Amino acid sequence: MHPKTRIHADPSLEMDQFDHLPDSLLLLILNKVADIRSLGRCGAVSKRFNSLVPLVHDIYIKIDRVVTVDGSDPDETPNIPSPRPRNMFTNFLKMVLYVIKPFHHIRSNTSGSRGPLFPQLSSQHSPAQVLKNFTHVRNLHIVLPSGDVGTEDGVLLKWRAEFGCTLQNCVILGGTRVDKKTSISSTQETLNLNSNLNLNLNSMQEDNGTMPESFYTNGGLKLRVVWTISSLIAASTRHYLLRQIIKDHPTLVSLVLTDADAQGTLIMGSKQLKEVRENQLACSASSNRTQVPACNMKLRYAPYLELPGGVGLQGATLVAIRPSCEGSGSGNGSKKETDSFILGAFDGVFKTAVKALMKRRSYLLEMNGF
């Protein structure tokens, strides 16, 4: 007679394999997640995850909407086609950034009620409120829903600014029109080349490395000044809105604030963040933004730049801005550091445009603080 046999389930198969992973490895995984909404969902998985999520170092926040202080939606207001900083930013400076319900309907699986870290949000929460329970944030990247400076269709305007207590460096790349060539046959390309030969020769004669007289008479210089002021106001407003986050998170070593249109980028490193914590911000008397100091600006211009990928940039302009006063902090770096900041400000074809414009003759302008 055969002995009776019993089949038993392997107890190791019932154990959650994540329980075998050390906390340090789980934190590496959560840091790769970065997105604050996804982290909120991770925090609802278990008590262990709920305790680890607040310890992540890298966080990415995407702002859903910008609402005014009175609760109205700025999308209901008409768009301003031309960059007029005084009118445009009257409303912008009254706006508050909000993350809309980032952890909606998330509940902890370990209890019947909402978890203490990630409550269900029934109203708008600012980035500072959402980050409140994160205690080890080192690298923070915030993305606004759109750029701040209104431009006409086809106009290129990009900026990148570095701040401590105030502006340290800023570079602006602009163009009155971006042309994108479509693929055409070699025969058609030859016909176009012949038909445009005289036009190209005239452009070469005008583009002798100096600023054409028409740049001053047809409003070209005025337009660049408007671009510059608009970008500086946008950058200083973003900087002002970050002050509470910087205060609440002493572990921060890198802070980047961009927008979904890739128009403007504000950056702050460990030295700049330390400077903000140790000094009081100089705020503009007229609005909720950081005061822009008196600056020196170097403007470079090319009537037309042909860039890789069949892209052409008309009225290409590069403006490099630095504080002019000696007491403006670490922004007064060496020429090599400034050139490195300018050349590293943008990627792709825009990086190529910057390199080409850096070879052009520069014109010095001075601007009072505002």
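Predicted model: local features only at pLDDT ≥ 70, side-chain atom pairs only at ≥ 80, totals over all residues.
Residues are numbered from 1 along each chain as its sequence is written, and side-chain values use heavy atoms, with hydrogens and water left out. Local features need pLDDT of at least 70 and side-chain atom pairs count only at pLDDT 80 or more, whereas totals for chains, interfaces and linings use all residues.

Helices (H or I, at least four residues) and strands (E, at least two) are DSSP runs, numbered from the N terminus. Two strands are taken to pair if DSSP finds at least two bridges between them. In strand β12 (residues 311-323), 11 of the 13 residues are buried, so β12 is largely enclosed by the rest of the structure. Here buried means under 20% relative accessible area, exposed over 50% and partly exposed in between (1.4 Å probe, protein chains only).

Strand β11 (residues 295-307) pairs with β12 in the antiparallel sense over 12 bridges, and Asn-296 stands opposite Arg-322 in β12. The hairpin of β11 and β12 has three residues between the strands, and in this hairpin Gly-309 takes a positive phi near 75 degrees. Strand β7 (residues 167-175) is antiparallel to β12 and joined to it by five bridges, with Gly-174 opposite Thr-317. Strand β8 (residues 177-180) also pairs with β12, antiparallel, over four bridges; Lys-180 stands opposite Val-311.

Strand β6 (residues 156-163) has seven of its eight residues buried. Eight bridges join β6 to β7 in the antiparallel sense, and the two strands form a hairpin with three residues between them. The pairing of β6 with strand β10 (residues 264-268) is parallel, over four bridges. Glu-162 has Asn-169 in β7 as bridge partner and stands opposite Ile-267 in β10.

A nonpolar core is a set of buried Ala, Val, Leu, Ile, Met, Phe, Trp, Tyr and Cys residues joined through side-chain atoms within 4.5 Å. The largest such core holds 56 residues, of which Ile-59, Phe-134, Leu-140, Leu-167 and Ile-321 touch the most other members. Another core, of 21 residues, lies apart from it and includes Val-171, Ala-320, Val-354 and Leu-357.

Helix α12 (residues 335-343) packs against helix α13 (residues 348-358) at an angle of about 140 degrees, with the axes 9 Å apart. Axes are lines fitted to C-alpha atoms, for helices over the stretch in contact, and angles run from 0 to 180 degrees between N-to-C directions. Angles under 35 degrees count as roughly parallel, over 145 as roughly antiparallel, 65 to 115 as roughly perpendicular and the rest as oblique; α12 and α13 are therefore oblique to each other.
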